[in-house]
Amino acid sequence: MLLLLLLLLAGTMDSRVHGGERPNIVFILADDLSWADPGCYGHPWHQTPNLDRLAKDGMRFTNAYSAAPICSASRASILTGKTPARLHFEFVTKNEPGTQKLDAPVPMLAPPFTLNLSLEERTIAEVLNEEGYRTAFFGKWHLNTHYRRYLGWSPTHGPARQGFQIAEEDFGSHPYAWGKTPPQSIEVSGSFAEDSMIDRTIQFISRDHKQPFFVMASQFYVHTPVRTQCKWLLEKYEALVPADSPNRRNRVAYAAFVEELDDRVGRILTALDTANLRERTLVVFTSDNGGHPEYTANGPLRGSKWNLYEGGIRVPMIVRWPGHVMPGAVCELPVSGTDLQATFAEVGGREISDAVIRHTDGSSIVGALSGGDEWLDRDLIWHFPYYHPEAGYAVAPDRIGIDDFVTSRTHPHSAIRRGNWKLIYFHENDRVELYDLKSDISEQNDLSDENELLADQLRRRLLLGLKNMDARFPSRIVR
């Protein structure tokens with residue numbers, strides 16, 4: 001019976017996608033949300049009723065990845081369908097060009113900073129514009145040199161210059177907008193702050209659309225500073241977070257922040273229902289990278305934002321598409337943010353054999369949405385040729401652990417996943433680590449010595465893949 005339902009859904013998808021009935025697309029991108037943060041991913045005390053409902057109504061991916069362990073690089077990859085290595089955009093944008101300056105000597109020089117996403121790159125918005133979609137962007141861009149203020153949109157390289165027909169800049173209710181005077185505390189249980197960025201998104205959704213639309217609601221939550229004006233939320237999690245929880249003060253504040261993000265997601269979903277667009281809209285929710293190590297527990301995953309262990313790159317991803325995605329479905333196939341351009345393009349009516357799509361690194365996951373369970377015969381490749389933290393590197397611990405709640409040292413490294421095998425390559429000393437993610441999701445048992453042949457094969461595939469992407473590598477410093 002289940003097989004029959006999957007076949008019927010697949011047939012319906014094929015006729016609708018390629019027969020001209022194209023859905024609206026709402027893409028909600030969280031900032032620094034860990035794979036383990038939402039309640040529907042098993043968090044023991046985070047309460048995320050809207051994300052949980054989205055997962056109940058759609059498909060939850062358990063092996064979804066960001067293209068990078070850091071913001072700008074991941075976002076550039078999502079928009080273009082290309083890896084950060086190919087884009088030469090592997091780090092965060094800066095105010096000034098140059099190279100990394102650390103407070104401790106290191107053996108290698110990282111590539112120079114990339115400041116802006118090139119206008120020559122073809123974004124999701126530009127592809128969908130050609131298919132007759134109305135496109136809009138609200139929230140965090142972070143793909144150009146900071147203009148006039150931190151995260152300010154550039155008039156030459158902002159979203160309006162990258163294909164988005166409507167682009168309105170707004171911090172919403174995030175602490176970035178507070179300035180020096182925090183807003184008044186909210187004490188009434190169940191009440192949340194108004195959010196002008198979400199309001200703009202809702203206003204766009206609620207318009208009388210004559211054509212399908214694509215809207216990207218790029219959240220600032222749950223990026224630092226982790227502060228909430230909802231006093232009642234802090235009191236709530238003071239009671240919920242175990243007394244013996246490590247780093248408890250930060251985790252209480254962070255739990256409140258996660259629920260605020262969930263509230264913003266819920267407002268967008270309610271707007272779709274109010275506008276009677278639920279049945280005609282594909283909703284995709286994911287995060288740009290793993291969680292901040294000083295605020296959230298990424299466990300059982302090792303590592304965090306800023307490194308290529310699973311905690312830095314495995315992220316939640318939830319997809320709802322009524323009539324196409326079976327409610328309550330779970331997909332274990334490895335997918336990446338790099339796949340979203342090809343996926344949205346196919347949903348929007350473009351043949352995936354089109355040259356625009358073939359020259360990206362992602363693959364459409366439309367088949368997976370209909371219940372397909374065949375693994376794509378491909379390598380997922382990550383490349384982070386930088387050091388971190390830039391300030392405090394001298395005193396940062398060298399060991400990257402699980403839920404240690406510290407910002408550890410990150411060295412220039414790259415990684416490849418093929419099937420359930422993952423190899424991490426460290427550029428300073430040509431060292432590798434090999435993990436079987438099926439049996440060791442926490443990356444605790446390095447199998448490179450007992451599987452030398454496999455490790456060497458994956459190392460060669462990784463380096464060849466990076467070469468074919470024209471990747472930039474760190475260079476050795478001669479003293």
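Helices (H or I, at least four residues) and strands (E, at least two) are DSSP runs, numbered from the N terminus. This is a predicted model, in which local features need pLDDT of at least 70 and side-chain atom pairs count only at pLDDT 80 or more, while totals for chains, interfaces and linings use all residues. Residues are numbered from 1 along each chain as its sequence is written, and side-chain values use heavy atoms, with hydrogens and water left out.

- His43 lies in the loop that runs between β1 (24-30) and α2 (49-57).
- Because its relative accessibility is 11%, His43 counts as buried, a term that means under 20% relative accessible area with a 1.4 Å probe and protein chains only.
- The His43 side chain reaches the backbone nitrogen of Trp45 at 3.1 Å, and the side chain of His43 also reaches the backbone nitrogen of His46 at 3.1 Å.
- When neighbours within four places in sequence are left aside, His43 is in contact (heavy atoms within 4.5 Å) with Ala36, Asp37 and Pro38.

**The pairing of α6 and α8**

- The axes of α6 (residues 196-205) and α8 (residues 248-274), which are lines fitted to C-alpha atoms over the stretch in contact, come within 9 Å and cross at roughly 15°.
- That angle makes α6 roughly parallel to α8, the term for angles under 35 degrees.
- On the α6 side, Ile198, Thr201, Ile202 and Ile205 meet Arg264, Arg267, Ile268, Ala271 and Leu272 of α8.
- The residues of this contact between α6 and α8 divide into 6 nonpolar, 1 polar and 2 charged.

How values were computed
Buried < 20%, exposed > 50% of the residue type's maximum accessible area, 1.4 Å probe, protein only. Polar contact = N/O pair within 3.5 Å; in protein donor to acceptor, adjacent residues only side chain to side chain. Axes fitted to C-alpha atoms, helices over the stretch in contact; angles between N-to-C directions. Parallel < 35°, antiparallel > 145°, perpendicular 65-115°, else oblique. Nonpolar A, V, L, I, M, F, W, Y, C, P; charged D, E, K, R; others polar.
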